[in-house]
Amino acid sequence: MIGGRGSTGVGELEIADLALNYGGVVRALNGVNLSLPAGSVVALLGPNGAGKTSLLRAVSGNLRHHRASVKGEIRYAGTSLVGLGPAETVRRGVVQVPEGRRIFASLTVEENLTLGGQALRSQQDFQSAQERVFELFPVLAERRKQPGGLLSGGEQQMLAIGRAMMASPSVLMLDEPSLGLAPKMIATIADIIRSINAMGTSILLIEQNATMALALAHHAYVLGLGRVVLSGATSDPGLMGEVRRLYLGDTPHEGEVVGKSSPARPRPTLTRWARS
Ligand SMILES: Nc1ncnc2c1ncn2[C@@H]1O[C@H](COP(=O)(O)OP(=O)(O)OP(=O)(O)O)[C@@H](O)[C@H]1O
């Protein structure tokens with residue numbers, strides 16, 4: 001385990017013995033331990049129904065409509081997140097980008113971003129958060145007055161990530177950001193995730209596209225039926241071999257090069273924005 005229970009600092013998340021039940025019937029998570037070290041990218045892999053989204057819901061506090069009960073510990077920056085609602089979790093610096101993007105189609109790009117910046121204290125904080133989002137996603141700046149629903153799927157994913165980044169998170173949790181996107185757009189989203197991490201934000205990344213996730217991540221966990229079945233550093237060839245043998249159905253396709261060795265696209269110079 002990385003870091004000790006109770007010793008978490010900013011950007012570091014520690015999950016211990018986490019269990020989650022829906023309606024007292026479905027046991028979605030059972031005894032899950034997971035560490036997100038400050039400044040790292042951790043991939044959470046696993047087949048459909050393994051419990052990945054449930055883990056994110058437990059951390060972000062998005063459980064209200066799910067009749068879910070949580071046991072165990074989720075520690076962030078020295079305090080427990082268990083039992084906090086989503087708004088308070090965001091205020092603490094832990095923000096989720098939900099699966100399926102869920103942007104507001106009839107609101108403009110700018111209005112969608114405004115919703116993400118509600119926890120910011122001052123107008124100045126809001127302005128600088130928006131500038132950084134536009135720096136990271138120039139296409140959102142170009143289309144700021146357009147309804148979100150007119151954006152392409154990839155641009156809507158950018159808007160969903162941008163909206164989350166408006167809260168200046170120290171921990172960003174992404175639920176299948178590559179879902180439904182073309183290979184080229186997946187590579188762009190992977191670059192964006194790398195840029196966000198390079199600016200100091202820790203990232204917990206759920207992906208069905210394991211090739212993408214493993215290329216980005218420092219550590220990986222594989223969930224199966226609500227339990228961690230495999231975990232370790234992605235630099236460990238033994239672990240990677242095991243992940244591929246156990247789980248990976250997908251191999252990189254041409255045009256889907258998202259690995260650490262892929263040629264870097266020119267990136268704008270970005271300022272560090274995670275809270276410190
Ligand atoms: N709101 C809910 N009420 C009852 N059961 C649920 C609910 N949400 C998820 N489940 C069940 O909990 C288990 C874990 O689901 P979860 O969505 O967390 O898995 P997942 O790994 O994210 O899968 P996927 O990749 O398909 O999204 C599954 O058996 C699922 O059917």
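**View 1. How many other C-beta atoms lie within 10 Å of G232?** There are 15 such atoms around G232 in this predicted model, and the residue is therefore partly exposed; a residue counts as buried if 20 or more other C-beta atoms lie within 10 Å of its own, as exposed if 12 or fewer do, and as partly exposed in between, with the C-beta atoms placed from the backbone. G232 lies in strand β10, residues 227-233, where helices (H or I, at least four residues) and strands (E, at least two) are DSSP runs numbered from the N terminus. Leaving aside residues up to four places away in sequence, G232 touches H219, A220 and L239, a contact being two residues whose C-beta atoms, placed from the backbone, lie within 7 Å. With A220, the C-alpha to C-alpha separation is 5.7 Å, although G232 and A220 are twelve residues apart in sequence. Residues are numbered from 1 along each chain as its sequence is written. Because the model is predicted, local features need pLDDT of at least 70 and side-chain atom pairs count only at pLDDT 80 or more, whereas totals for chains, interfaces and linings use all residues.

**View 2. The protein chain as a whole has nine helices and ten strands.** Of its 276 residues, 43% count as buried. Among the contacts between residues at least 6 apart in sequence, 72% join residues at least 24 apart.

**View 3. The shell around the ligand includes residues from β2 and α1.** The residues around the ligand are Y22, V26, A28, G46, N48, G49, A50, G51, K52, T53, S54 and H66, each having its C-beta atom, placed from the backbone, within 6 Å of the molecule. Strand β2 (26-36) and helix α1 (52-60) each supply at least two residues of this shell, and α1 gives the most, with three. By class the shell has four nonpolar, seven polar and one charged residues, where Ala, Val, Leu, Ile, Met, Phe, Trp, Tyr, Cys and Pro count as nonpolar, Asp, Glu, Lys and Arg as charged, and the others, Gly among them, as polar.

**View 4. Helix α1 is largely enclosed by the rest of the structure, because eight of its nine residues are buried.** The buried residues of α1 are K52, S54, L55, L56, R57, A58, V59 and S60; K52 and S54 also belong to the residues around the ligand. The helix is followed by G61, whose phi is positive, near 80 degrees. In the loop between β1 (13-22) and β2 is found G24, which counts as exposed, with 9 C-beta neighbours inside 10 Å. G24 and S54 are 30 residues apart along the chain, and their C-alpha atoms are separated by 14 Å.

**View 5. Helix α6 (residues 153-165) is mostly covered, with twelve of its 13 residues buried.** From its first C-alpha to its last the helix reaches 18 Å, close to the 18 Å expected at 1.5 Å a residue; the expected span is 1.5 Å times one less than the number of residues. The buried residues of α6 are G154, E155, Q156, Q157, M158, L159, A160, I161, G162, R163, A164 and M165. What covers them includes the strands β6 (94-97) and β7 (171-175) as well as the helices α3 (109-116), α4 (123-136), α5 (138-142) and α7 (183-198).

**View 6. Helix α3 has V109, N112, L113 and G116 buried.** Seen down the axis of α3, these buried residues fall within an arc of 100 degrees, so they line one face of the helix; the arc is that of the directions from the helix axis to the C-beta atoms. Their cover includes α4, α5 and α6.

**View 7. In the largest nonpolar core, A43, L44, L205 and L216 touch the most other members.** This core has 71 residues, and a nonpolar core is a set of buried Ala, Val, Leu, Ile, Met, Phe, Trp, Tyr and Cys residues joined through C-beta atoms within 7 Å. Residues up to four places away in sequence not being counted, A43 touches L205, E207, A213, L214, L216, A217 and A220.

**View 8. A77 and L225 are residues other than glycine with a positive phi.** A77, with phi near 50 degrees, is found in the loop between β4 (68-76) and β5 (79-80) and counts as partly exposed, with 18 C-beta neighbours inside 10 Å. L225, with phi near 45 degrees, is found in the loop between β9 (219-224) and β10 and counts as partly exposed, with 14 C-beta neighbours inside 10 Å.
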